[in-house]
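Please open the structure in your viewer and keep the sequence at hand.

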Amino acid sequence: MKTKLTRIFAMVLFILAMGCGTASAYEKEEGVFSVVIELDGVPRMVTTEQTTIGGLLEEVGKSTEAKYVAKDMENTDPVTDMMALTILPVVEKSVSVPKEIPFKTVERNTDALLYGEKRVVQEGQNGTATVISKEIYEGDTRKETIFVEEKVVKAPVDEIVEVGTKKPENTIDGYKYSRAISMRSTAYTPFDAGCSGITATGMRAGKGVAAVDPKVIPLGSKIYVPGYGVAVAADTGGAIKGNKVDVCYNSLSEAYRWGSKNVTVYVLS
């Protein structure tokens, strides 16, 4: 109600000013303009010596300690006597908006894990920031948004992931091995012709002993032959050259059943 009365009072003053202005128009100094300015829906009569709209707005702004723009007019437009214009206050508003800062994932190599395996040793946490900007309004219309700064409220915590670099150990039937060799296998017994029952390394021949070429498998090595089992490369033979292995059995029947076949010999670690 108070605002409405104020506007009515201002309108009355304006009408009186307009009426007086007609009588005194001839008494005005040359170069002085009467201008009707409407602000917040209320007209006001002002006099000015400014010749452009921009100069007039600056003059009005100094008297009110505010900044204005003219609606539908340019600052370079000329001021004319008894012209009417609507001005809008230019207001700056500071706006703060929260923002999430995503965490980063950092990978670290470790030989405690097998190659290709991963495990999270530190969970990542997003951080937060406040984005401060300045909004420029002309009247009720936002005309521009200007970025001012971004303040970190809570820094993000990196997610740390360990990545395995350890090479997997070779295993066969539960045995760890360092090499796998394709070989031709035969079988013998301690009682075969030319056999003394004692191997080239001094071990007693029997199940668990194999004859090899020392250039291929060093004597004393432990080997695993699928279908036979674990044996010690403790013997040699005139016919055992290159990729050949002669496994020892305790009986001729077992040796005959083994026969001659292609096998993969695993040198155990």
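Over the ring of which residue does the charged end of K93 sit? Select K93 together with Y137: the charged end of K93 sits over the ring of Y137, at 4.4 Å from its centre. Please bear in mind that this is a predicted model.

Next, select K207 and Y228. Here K207 lies over the face of Y228, and the distance to the ring centre is 4.0 Å.

Now turn to the aromatic pairs, of which there are six, counting rings whose centres lie within 6.5 Å. Select Y224 and Y266: their ring centres are 6.4 Å apart and their planes meet at 40 degrees, so this pair is tilted. Colour the strands as well, for Y224 belongs to β13 (residues 222-225) and Y266 to β16 (residues 261-268), so the pair ties together parts that are 42 residues apart in sequence. Both Y224 and Y266 are buried.

Finally, select E123, in the loop between β6 (118-122) and β7 (127-138). Is E123 buried or exposed? Its relative accessibility is 57%, so E123 counts as exposed, given that the term applies over 50%. To see what surrounds this residue, select V157, D158 and E159, with which E123 is in contact when its neighbours within four places in sequence are left aside. The C-alpha atoms of E123 and E159 are separated by 4.9 Å, although the two residues are 36 residues apart along the chain.

Methods. Residues numbered from 1 in each chain as written. Predicted model: local features only at pLDDT ≥ 70, side-chain atom pairs only at ≥ 80, totals over all residues. Heavy atoms only, no water. Helix = DSSP H or I, 4+ residues; strand = E, 2+ residues; numbered from the N terminus. Buried < 20%, exposed > 50% of the residue type's maximum accessible area, 1.4 Å probe, protein only. Contact = heavy atoms within 4.5 Å. Phe/Tyr/Trp six-rings, centres within 6.5 Å; stacked < 30°, edge-to-face > 60°. Lys NZ or Arg CZ within 6 Å of the ring centre and 35° of its normal.
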